[in-house]
Each structure stands twice: as C-alpha cells, then as structure tokens.
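Here's a quick briefing to read alongside the sequence and the model. Have both open as you go.

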Amino acid sequence: MLRESLSDLFEVDHYLEDDPALNYSAPGVGPDVMKKLRKGHWQVQDELDLHGMNRDQARDALGAFLTRAGQRNHRCVCVIHGRGFGSRGQEPVLKSMVHSWLVQKGVVAFCQARSNEGGEGALIVLLRAALQPQRY
C-alpha cells in the first residue's frame, strides 16, 4: 500500500535550493531545468487539488495521481496543496508533506506555481520522461 511506502518524517530540506518552500531539483538535474520550470516551459497537463483532504487521504491521492500521470506520459503537472487558511492555526499542513512525498516519489523537480497557477498554494512538478520503446 502506498501509505506504507511514503513517510511523513522524511526530511527534504537539504534537497531544496534557496528557499525550501519554493524549489526542488533531483541530484544531477541542471539549473537550466529549474529555470525552464519556473518560466512555464512545460505545459501543465493535469492537476490535483488536495483541499479538504487529511494527511492520509492526500498521501494516497498524490500517489495515485502520480501513477496515472506516468501512465499517461504526462511530463508536467500541478499539485494544489493550499495555503492553510482553512487549517487550525492558519498554517499549511500539507505543504511540507507534499514536498517530502514528491521527493520520495522521484520527481525531477518542482517549484512554487506562478500566481496565476496557484502561487504559494500550489507546486508545478516535472516528472521523468517515459522511456520510449526502441525501434528496430
């Protein structure tokens, strides 16, 4: 089960560049990829809205969403985790967890969405390209 494979305690901060709330790129991914991602080089092909979900529901929904995105050969998706305005203490409960889960799922990179795409309450996520079948 996915819940067993993703930890809420996985520390992601050391993977994030500059501001942990804004960016992540996998080891070995060049800075040009992050620049392109921030500028909207890849078209967002699907989105997942986690509003109103608790931690377990969000974890399961994110895992299923990423699996479907991979099956559909999507390269770029948006994950809306919210800004936390509806949470106790007005803190974004899911934000850091979503960051951690994305890193654990092996995404290429993610960055905070531009204001017209959700801003602080969403991430633009670059997925690994599907392997193309070899032609003989």
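**A first look**

In helix 3, the buried residues are Ala58, Arg59, Ala61, Leu62, Gly63, Phe65, Leu66 and Ala69. Buried here means under 20% relative accessible area, with exposed set at over 50% and partly exposed in between (1.4 Å probe, protein chains only). Keep in mind that this is a predicted model: local features need pLDDT of at least 70, side-chain atom pairs count only at pLDDT 80 or more, and totals for chains, interfaces and linings use all residues. Residues are numbered from 1 along each chain as its sequence is written, and side-chain values use heavy atoms, with hydrogens and water left out.

**The whole chain**

- The chain's secondary structure comes to four helices and five strands; these are DSSP runs numbered from the N terminus, with helices being H or I of at least four residues and strands E of at least two.
- Of the 136 residues in the chain, 38% are buried.
- Take the contacts (heavy atoms within 4.5 Å) with a separation of 6 or more: 67% of them come from residues 24 or more positions apart.

**More on helix 3**

- Helix 3 covers residues 55-71, which is 17 residues.
- From first C-alpha to last, helix 3 reaches 24 Å, close to the 24 Å expected at 1.5 Å a residue; that expected span is 1.5 Å times one less than the number of residues.
- Asparagine 54 caps the N-terminal end of helix 3, with a side-chain oxygen 3.0 Å from the backbone nitrogen of aspartate 56.
- Just after helix 3, asparagine 73 has a positive phi of about 60°.

- Five strands make an open sheet in the order 1-4-5-3-2, with mixed pairing; two strands pair if DSSP finds at least two bridges between them.
- Strand 1 (23-25) and strand 2 (46-49) are at the edges with a single partner strand each, so one side of each has no neighbour in the sheet.
- On average, neighbouring strands of this sheet are turned by 20° against each other, direction ignored.
- Helix 2 (residues 31-38) packs on the sheet, touching strands 1, 3, 4 and 5, and its direction makes about 45° with that of strand 4.
- Helix 4 (residues 93-104) also packs on the sheet and touches strands 1, 3, 4 and 5, with its direction at about 5° to that of strand 5.
- For these angles, axes are lines fitted to C-alpha atoms, for helices over the stretch in contact, and angles run from 0 to 180 degrees between N-to-C directions.

- Strand 3 (residues 76-80) pairs with strand 5 in the antiparallel sense over five bridges, with valine 79 opposite leucine 123 and cysteine 78 opposite isoleucine 124.
- Strand 4 (residues 109-112) pairs with strand 5, also antiparallel, over four bridges, and phenylalanine 110 stands opposite valine 125.

**Cysteines**

- Zero disulfides turn up in a search of the whole structure; a disulfide is a pair of cysteine sulfur atoms within 2.5 Å.
- The sulfur of cysteine 76 has its closest cysteine sulfur in cysteine 111, 8.0 Å away and too far for a bond.
- Cysteine 76 is buried at 0% relative accessibility, and cysteine 111 is buried at 2%.

Definitions and conventions:
A polar contact is a pair of N or O atoms within 3.5 Å; within protein, one must be able to donate a hydrogen and the other to accept it, and residues adjacent in sequence count only if both atoms are side-chain atoms.
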